[in-house]
Amino acid sequence: MRIAGWGRRSEAPEVGFSFNGRDLRGREGEPLSAALLANDIHLVGRSFKYHRPRGILTAGSEEPNALVTVGDGGPSQEPNLRATTLRLYDGLEAHSQNCWPSVGFDAMAINDLAAPFLGAGFYYKTFMWPAAFWEKIYEPIIRRAAGLGALSGAPDDAIYEKAYGFCDLLVIGAGPAGLMTALTAARSGADVILCDEDSQPGGRLLSERQTINGLAAHEWVAETVAELDSMDNVRRMARTTVTGVYDQGTYGALETGVAGSGQRARSCFWRLVAKRAILATGALERPVAFANNDRPGIMMAGAVRSYLNRWGVAPGERITVFANNDDAHRTARDLVAAGVHVAALIDSRHDAPQSDEFRVIRGAQVCDAAGRRRLESLTLQSVSGEEKLQTDCLAMSGGWNPTLHLTCHLNGRPRWQRNRACFVPEPGAVPGLEAAGACRGRFSTAAAVQDGLEMAARALEALGKRAASVDLPECEDTPYRITPLWSVPGRGRAWVDFQNDVTVKDIRQAAGENFRSVEHMKRYTTQGMATDQGKSSNVVALAVLAEAMDRSIPETGTTTFRPPYVPVPIGALGAGAQDQGFAPRRLLTSHAIAEDLGAHMMEVGLWYRASYFPKPGETNWRQSCDREVGYVRKAVGVADVSTLGKIDIQGPDAAQLLNYVYANGFAKLKPGRVRYGLMLREDGFVMDDGTTACLAPNHYVMTTTTAAAGQVMAHLEFVTQVLRPDWDVRINSVTEQWAQFSIAGPKARVLLQELLGDAFVAADWPFMACGEIALGDITARLFRISFSGEEAYELAVPARYGESLFGELLRRAEGLGGGAYGLEALNVLRIEKGFLTHAEINGTATLHDLGFGGMLKSGNSCVGREMALREGLTDKTRMRLVGIRPSGAVQQLTAGAHLFDPQDSVERVHDQGYVTSVCYSPTLGHMIGLALIKDGPDRIGDPIRMVDHTAGLDTLCEIVEPVFFDPEGERARD
């Protein structure tokens, strides 16, 4: 029910929404749970296993019960949203889930009657036999029953975003500690990002009757937030949950929006990078396990206080409080101040404080609750016996658990604090992250504010900044005292995990069946799984397990905390990753010119490259390809090779790095020279090939194949960060920064002399030379390397000049009887020379297979060396690289076809190898190919049979040397 004059959004406009088809009214921006309670709706869902009635338990992201589906079967349908964090907007349609035909009458509730047979681990014991039943009976039934909410199956049309943020100090949580931290740091000039998962700052622990600096607590919060919002160096991010901690000060955060009428809520996934961070996420209240403690109407005491103070909603007319700590007394006082009847405050401690405002029953415990769809009464037990108490809402509190999850995401473990009966963060568990306030066990407001001030000063000192003078606020507060109470003996089932239907009995059964490790217990009982990940149940479960094994809670330990802290939509993680967002079109600087020339484009590692450039009268691609090959062999051809990976490597240990990642030696490579190299994986197989140029002492540019550019970059990062972190070397991908063009053919030298003038002296550029060269006012790079077997050069300029240079190169090439050539011609040229691509470097080939086994004889210690020298990888009977050409009546070859000895039948056991690459060679006048054949180099001149069942080909071929054209390489070196 609504309480007039209470709540901080009483001025918010009313909006219409529906729940389970019932039209209702609520205040815009308040959580759906508050609107439901205001409309006296307490039954909102059903539990996972037994389908027991479930109501709203909490007021935040730890909610295990009140999960709803938004939308009605269309693309916008989204399941498993917490009613406690789903903000109300006009037109919202929400439905209960995990129930049929309705939440009020759920046919699957029959499972509750079968509870004696469905205890912990029942599925491990029940569905193992008969084995034949699993596929036809058990599995279909389990799959239909599994899960909570369901997706519609329609494509998701929601709008998701991704963003990046950088700051000096990241403050996680906008409670009193977080606000004090952010204010201190901001006044000191630090760039601050303040994230809070709630829509309103201030935290959920503040009481309406509490004062800070003589102001009501929420007024002090409003003043502090107003000052922060006025500062240019502060970004305050509401409705933003930091979901995970990663290396080097990187944090993942999910920002959710409040949609307008007719729209879905959007979310944005942030990657935040902070020099320092303060965790001020507060604490989560834990329940007490007693018989039937899952009835709708039983809530956490802090949640009851939050709904009252924030949203002006009382979840009952006759409310009872049950606690073992002083904090819950604040809830009772606030309820009385709002005019709500408090039936009693039941405190399990014999020394609990008394009150003149409401009845306090000391030394008593709630042992049972009655009322299936809504709480009706409680049974109390004390030394005086049992007592019945009529009530429609129970506010229970078993104490507070610091929200320390983020401090454990890098494999940290919390430590037990006995006087607070809770786990607290281990200092230093995450480099650069400190905890402050309730999330490190400082549960009083005064202590939390002081903590925030001190942690801000420490962070500023680490940042090299002097802390500004900030007065510590005076807080009217109550010390936090607690006597642990985890469960109460009773006649019914006492629930620990509300979402997964795990009871005290289940945990004790797990311990009795020797599932005593906390991780084993979790999986055997399913405690702490699904969407809430045990936020409210973990510590109670650990305490019950510890008691069952006669051990202490610290000895029992905790489960592993992993990101994300709250569920993150896959759409948010991959925001924009649809169509071109998933596979972006990477266009070369020459793309527009190539299109104007009518080039046929093909996708190569997301790059769009010209396959061939047709001329008028050419009716098929082969005619264009043959002509372009002729340009290179007889005149000059120009190709855009900018897609080749280019990695800049600098530092005193750059040469050592190259020597370590390449199979052949690079330590003696001098400035102005280029060397070809092959790179191995750690298992000894070839990863990639390419050239590396030494531009200056300790400065190299590595060139990779287009396909392996990302893989090689990742490999270099691994080597420098993991294998040899002691080396002083820096690597950077510069593929997009340079446009690079191949100029190949007998007239390549003439073209360069015309283009570069006196800057180019041919004698200064022998084969495999490199260096900078002046191209007008531009400093370009020139490399004398060849992938065609002809005299060739590659000219690189900053990418902004690429289009202009390509046009100029084409104009001059055409004047010399040449022109542009594409990938088809490039493939023909390289096969004629026996050069490799990833058709041969396919992940299964070794240096020995490709004819480069001698590279390892130098004794160079490199990645993969020892594995490459294994006997099995150097066996001469392995498939090794050779050339093939047709020798029979059928003159056609196909890549991928398998090879057999002519006398053998075409069966797998007789397979001799396969064809890796083929082309028609206009230079030689027939088809040629490269192949991997068993003991290939020793079979030169032998016949071999090529069979391709798909193409219907059966061709007799001859095994030849893999280099078909200019085997001595004189044309490239002259």
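## Leu228 in helix H5

Leu228 sits in helix H5, residues 217-229; helices here are DSSP runs of H or I with at least four residues, strands are E runs of at least two, and both are numbered from the N terminus. This is a predicted model, where local features need pLDDT of at least 70, side-chain atom pairs count only at pLDDT 80 or more, and totals for chains, interfaces and linings use all residues. Residues are numbered from 1 along each chain as its sequence is written, and side-chain values use heavy atoms, with hydrogens and water left out.

Leu228 is buried, at a relative accessible area of 1% (buried is under 20%, exposed is over 50%, partly exposed is in between, with a 1.4 Å probe and protein chains only). Skipping neighbours within four places in sequence, Leu228 is in contact with Leu179, Ala182, Leu183, Ala186, Leu194 and Val234, contact being heavy atoms within 4.5 Å. Take Ala182: it's 46 residues from Leu228 in sequence, yet the C-alpha atoms are 7.8 Å apart.

## Ile141 in helix H3

Ile141 belongs to helix H3, residues 133-145. With a relative accessible area of 47%, Ile141 counts as partly exposed.

## The open sheet

Five strands make an open, antiparallel sheet in the order S36-S37-S38-S35-S39; strands pair if DSSP finds at least two bridges between them. S36 (673-680) and S39 (730-733) are the edge strands, each pairing on one side only. On average, neighbouring strands are turned by 25° against each other, direction ignored. Axes are lines fitted to C-alpha atoms, for helices over the stretch in contact, and angles run from 0 to 180 degrees between N-to-C directions.

Inside the sheet, 6 bridges join S35 (645-650) to the antiparallel S38 (699-704), and Lys646 has Thr703 in S38 as its bridge partner. Helix H16 (654-661) packs on the sheet, touching S35, S36, S37 (686-696), S38 and S39, at about 25° to S38. Helix H17 (709-723) lies across S35, S36, S37, S38 and S39 and runs at about 165° to S39.

## The barrel

Further along, 6 strands close into a barrel, S45-S48-S47-S46-S49-S50, with antiparallel pairing. Its neighbouring strands are turned by 45° on average, direction ignored. Helix H20 (823-833) packs on this sheet, touching S47 (913-921) and S48 (926-934), and its direction makes about 115° with that of S47.

S49 (943-948) and S50 (953-960) run antiparallel, joined by 6 bridges. Ile944 stands opposite Cys957 in S50.
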